[in-house]
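User: Please take me through this structure by question and answer, with the cut-offs behind each term stated once.

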Amino acid sequence: MSRIDETLDFLSVRIAVLTVSDTRSLAEDRSGEVLVERISRAGHILADRQIVRDERSRIADQLRGWVADPEIDVVISTGGTGLTGRDVTVEAHRDVYEKEIEAFGTVFTLISMEKIGTSAVQSRATGGVAGGTYLFALPGSPGACKDAWDGILEKQLDYRHRPCNFVEIMPRLDEHLRRK
């Protein structure tokens, strides 16, 4: 079963937070603040934080910029994962992914079902990898950000988590780019 191996040292990862919104400023960004607080509390490093409008090309450009930055290991976005016409975060993420982590959305839906019942079907949370960087798109509500962090990301971004975690395979995420 899932556990923390206390014999191992904790390894901090560098995480960027992206809020996708046409209306929020940093002062009004409760979901981004939830993530920043949890990242810090867990012992990770907040590498950057930005807000971009709900525009697919702008979102993808920001993601690509962070993927290209060797000082960023993980990107977590919040907002724009729903079903309305302006919700294009998932499409922007998929424009950038080399590989999608399909089970991320599934596990997020299972966690959400416990809290909001069948309304969980309206979320399109997703995860993927590009250029050796993990990318996760979460809904824009503070509760959804808490659920994703507490139920998935906190554990998977902890090197001590067993039987496996995202951090231990980070050095191998871009090995295909190094092959001759």
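User: At what angle do helix α2 and helix α3 pack?

Analyst: This is a predicted model, in which local features need pLDDT of at least 70 and side-chain atom pairs count only at pLDDT 80 or more, while totals for chains, interfaces and linings use all residues. Residues are numbered from 1 along each chain as its sequence is written, and side-chain values use heavy atoms, with hydrogens and water left out. Helices (H or I, at least four residues) and strands (E, at least two) are DSSP runs numbered from the N terminus, and axes are lines fitted to C-alpha atoms, for helices over the stretch in contact, with angles running from 0 to 180 degrees between N-to-C directions. The axes of α2 (residues 56–68) and α3 (residues 89–96) are 8 Å apart, and the packing angle is about 40°.

User: Which orientation class does the pair α2 and α3 fall into?

Analyst: Angles under 35 degrees count as roughly parallel, over 145 as roughly antiparallel, 65 to 115 as roughly perpendicular and the rest as oblique. With an angle of about 40°, α2 and α3 are therefore oblique.

User: How do the residues of the contact of α2 with α3 divide by class?

Analyst: Contact means heavy atoms within 4.5 Å, and here Arg-56, Ile-59, Ala-60, Leu-63, Arg-64 and Val-67 of α2 meet Thr-89, Glu-91, Ala-92, His-93, Asp-95 and Val-96 of α3. Ala, Val, Leu, Ile, Met, Phe, Trp, Tyr, Cys and Pro count as nonpolar, Asp, Glu, Lys and Arg as charged, and the others, Gly among them, as polar. On that scheme the contact of α2 with α3 has six nonpolar, two polar and four charged residues.

User: Is Val-75 buried or exposed?

Analyst: Val-75 lies in strand β4 (residues 74–78), and leaving aside its neighbours within four places in sequence, its contacts are Ala-16, Leu-63, Trp-66, Thr-133, Tyr-134, Leu-135 and Phe-136. The C-alpha atoms of Val-75 and Leu-135 are separated by 4.7 Å, although the two are 60 residues apart along the chain. Buried means under 20% relative accessible area, exposed over 50% and partly exposed in between (1.4 Å probe, protein chains only). Because its relative accessible area is 0%, Val-75 is buried.

User: Why do α1 and α5 count as roughly parallel?

Analyst: The axes of α1 (residues 30–42) and α5 (residues 142–156) come within 8 Å. The class follows from the crossing angle, which makes α1 roughly parallel to α5, and that angle is roughly 25°.

User: What is the relative accessibility of Cys-164?

Analyst: A disulfide is a pair of cysteine sulfur atoms within 2.5 Å, and a search of the whole structure finds zero of them. Cys-145 is buried, with a relative accessible area of 0%, whereas Cys-164 counts as partly exposed because its relative accessibility is 43%.

User: Where is Pro-163 found?

Analyst: The peptide bond from Arg-162 to Pro-163 is cis, with omega near 20°. As for its place in the chain, Pro-163 is in the loop between β8 (161–162) and α6 (175–178).

User: How far apart in space are Thr-23 and Asp-54, C-alpha to C-alpha?

Analyst: Thr-23 is placed in the loop between β2 (14–20) and α1, and at 68% relative accessibility Thr-23 counts as exposed. Thr-23 and Asp-54 are 31 residues apart in sequence, and their C-alpha separation in space is 9.5 Å.
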